[in-house]
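Biologist: I would like a close look at one part of this model. Please take me through it step by step.

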Amino acid sequence: MNKNENKELCKACGGLCCKKGGCQYSVDDFESLKFEYLYNKLQEGYISIVCALNFQVIKGKPVVNPILYVKARNVNRPIIDLLSMRTKCSALTEEGCLYDYEHRPSGGVNLVPKKNGQCYHEKSPMEYITMWKPYQTILRKLVKKISGKSVENQLKDNAYQLFKDIFNQNFEGVDKMEIKDVLNSLSDLAALYPTEFNRAYQENQERLAKISR
């Protein structure tokens, strides 16, 4: 048995971590990091380009500096999944992870299973995210190729859809802990994307008004 693998513990747990979303890929998980290779891997259906919303306040205004990276795709989520409520990992089956230990994303290998869901990461997940910093140009080109939009515009569209899902309580397939985390970050997201927030809010108010008539 590999040091970070315990099938009995994971079976008893049922994959709580996997139900909260797919794990990160390291740059070392791929044979190549060239555009065409990554494009073809993305088309296979099991991975997505996502992002960490690294933001800071400049002159009193929040500014987004997204870090794109690659994760195992979440159920009912697209290839370009920059900002959404995470659903369970698409590689999670009734028998456990679709991948054997040797072919599992590094983020999954990094997880140390413990009893009662007290699993922990051997390394910080941010280590895998920051490994993708030198490849931002390639990932941005992939976002444009697949979605037809720039990263900035795709984020705005994703933010608008996320706000709509929250206002409409569209939480199907989303773990309770994920919902809690998203709601806790709602004010920060609204500050980053005020136009999209106000649009989704107004549409929800109009929807509720029609229902109440």
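Biologist: Start with Asn-76: does this residue count as buried or exposed, and why?

Modeller: Keep in mind that this model is predicted. Asn-76 counts as exposed, because its relative accessibility is 73% and the exposed class starts over 50%. You will find Asn-76 in the loop between β2 (61–72) and β3 (92–93). Its backbone deserves a glance too. Most residues other than glycine have a negative phi. Asn-76 has a positive phi, near 60°, and is not a glycine.

Now look at another loop residue, Gln-169. Its phi is also positive, at about 55°, and Gln-169 is not a glycine either. Gln-169 lies in the loop between α7 and α8 (176–184). With 62% relative accessibility, Gln-169 counts as exposed.

Tyr-46 is next. Tyr-46 sits in the loop between α3 (35–43) and β1 (47–58). At 38% relative accessibility, Tyr-46 counts as partly exposed. Leave out residues up to four places away in sequence, and Tyr-46 touches Lys-71, Ala-72, Arg-73, Ser-90, Leu-98 and Tyr-99. Lys-19 is 27 residues from Tyr-46 in sequence, and their C-alpha atoms are 15 Å apart.

From loops, turn to a helix. Helix α10 runs over residues 194–212, which makes 19 residues. Three residues of α10, Glu-196, Ala-200 and Asn-204, are buried. They cover an arc of only 60° around the axis, so they lie on the same side of α10. The face turned away from that buried side carries Thr-195 and Ser-212, which are exposed.

What covers the buried residues? The cover includes α7 (151–167). The axes of α7 and α10 come within 8 Å, crossing at roughly 35°. The crossing is right-handed. On the α7 side, the residues in contact are Lys-156, Tyr-160, Phe-163, Lys-164 and Phe-167. On the α10 side, they are Glu-196, Phe-197, Arg-199, Ala-200, Tyr-201, Glu-203, Asn-204 and Arg-207. Sorted by type, the residues of this contact are 6 nonpolar, 1 polar and 6 charged.

Key. Residues numbered from 1 in each chain as written. Predicted model: local features only at pLDDT ≥ 70, side-chain atom pairs only at ≥ 80, totals over all residues. Heavy atoms only, no water. Helix = DSSP H or I, 4+ residues; strand = E, 2+ residues; numbered from the N terminus. Expected span 1.5 Å × (residues − 1). Buried < 20%, exposed > 50% of the residue type's maximum accessible area, 1.4 Å probe, protein only. Arc of directions from axis to C-beta. Contact = heavy atoms within 4.5 Å. Axes fitted to C-alpha atoms, helices over the stretch in contact; angles between N-to-C directions. Left-handed = near helix turned anticlockwise from the far one by under 90°. Nonpolar A, V, L, I, M, F, W, Y, C, P; charged D, E, K, R; others polar.
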